[in-house]
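Trainee: I am new to this structure. Please take me through one part of it closely, and then show me how that part sits in the rest of the chain.

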Amino acid sequence: MTIQYQEIKNLSGWRRLPLGDVGSTNSEALSLAKNGDPGRLWVTAERQLQGRGRHGRPWVSEAGNLYASLLLIDPAPKNALANLPLVAAVGVYEALRDYFSKTPQALAIKWPNDILVDGAKINGILLESALLPGGQLAVVIGCGINCIHHPGEARYPATDLAACGIEAGTEEVLGRLAGSMANILSLWDGGAGFSAVREKWLLAARGIGEQVTINNTDGALTGLFEDIDHDGYLRLRLDDGTRKRISAGDLFFA
């Protein structure tokens, strides 16, 4: 089968591979990387039959929403990769921001990379990586954006663009996403510009200065969400005054 790549409009050097039904766009992108793809490639699908979220949770992937994975090859030194989830969050946030510029809904980022509309989740981001035979690192940023439907029952309230009164098809949303992600990755500059990305993230964040609970592999931790440090870790102050630096987990507001 011949792979039919497309150039992304107004983004020189960025490509797209549109697919129909796939297992997951992340898996397709990693497979292409192992076969020598140079990266800067968006893999999109009409449906994902085995879509997944964090910790291997299934991700509902019916037709009509955007399912897109961005393949990058050696995007940054190893020590800078930990803040890439926050970079991706800002990319999705800025892709959606104009849709809500004239609406009463409040758009915000929930740590680390969920985008909320009036407290309801409208997207999913999953980053995965693989070491390639030549020693390069393939990194995939999987982005699912709810355009016309959302899960009715989930661990966290969800919504979609149509439910917010916004008519936007997947092609339009992809165009915005590709442009905003290219811009934020350029600003990030392989980690050298993370301080500027961090400021954008903080301006869009919800929950800083509030009591939150974070569930991770160590159990549940409740405390004051103080900040995001310059490595991209969440700083949590527990009730006894102890401070924790947390790299990953599920955040819930009080």
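Mentor: Start with helix H2, which is mostly covered: 12 of its 14 residues are buried. This is a predicted model, so read every value here as computed from that prediction.

H2 takes in residues 84-97. From first C-alpha to last, the helix reaches 20 Å. That is close to the 20 Å expected at 1.5 Å a residue.

Next, step back to Asn-83. This residue lies in the loop between strand E4 (66-73) and H2. Is Asn-83 buried or exposed? Its relative accessible area is 5%. The cut-off for buried is under 20%, so Asn-83 counts as buried.

What does Asn-83 touch, leaving aside residues up to four places away in sequence? Its contacts are Trp-188, Phe-194, Asp-231 and Gly-232. One of these, Phe-194, brings us to another helix: H4 covers residues 194-204.

Stay with H4 for a moment. Leu-202 has its place in this helix. Again leaving out residues up to four places away in sequence, Leu-202 touches Ile-208, Asp-227 and Ile-228. Compare that with Thr-222. Leu-202 and Thr-222 are 20 residues apart along the chain, and their C-alpha atoms are separated by 20 Å.

Now look at the whole chain. It has four helices and 14 strands. The radius of gyration is 18 Å, close to the 18 Å that the globule rule gives for 254 residues, so the chain is as compact as a globular protein of that length. Along the principal axes, the C-alpha atoms fill a box of roughly 60 × 45 × 30 Å.

How much of the chain is buried? Of its 254 residues, 50% count as buried. Then consider contacts between residues at least 6 apart in sequence. Among these, 62% join residues at least 24 apart.

Finish with the surface and the charges. The chain exposes about 12,000 Å², and carbon and sulfur atoms supply 48% of that area. There are 24 positive and 28 negative side chains. The centres of the two sets lie 3 Å apart.

How values were computed. Residues numbered from 1 in each chain as written. Predicted model: local features only at pLDDT ≥ 70, side-chain atom pairs only at ≥ 80, totals over all residues. Heavy atoms only, no water. Helix = DSSP H or I, 4+ residues; strand = E, 2+ residues; numbered from the N terminus. Rg over C-alpha atoms; globule rule 2.2 N^0.38 Å. Buried < 20%, exposed > 50% of the residue type's maximum accessible area, 1.4 Å probe, protein only. Contact = heavy atoms within 4.5 Å. Areas by Shrake-Rupley, 256 points an atom, 1.4 Å probe, with all protein chains shown as cover. Lys, Arg positive; Asp, Glu negative; His and termini not counted. Charge placed at Lys NZ, Arg CZ, Asp CG, Glu CD. Expected span 1.5 Å × (residues − 1).
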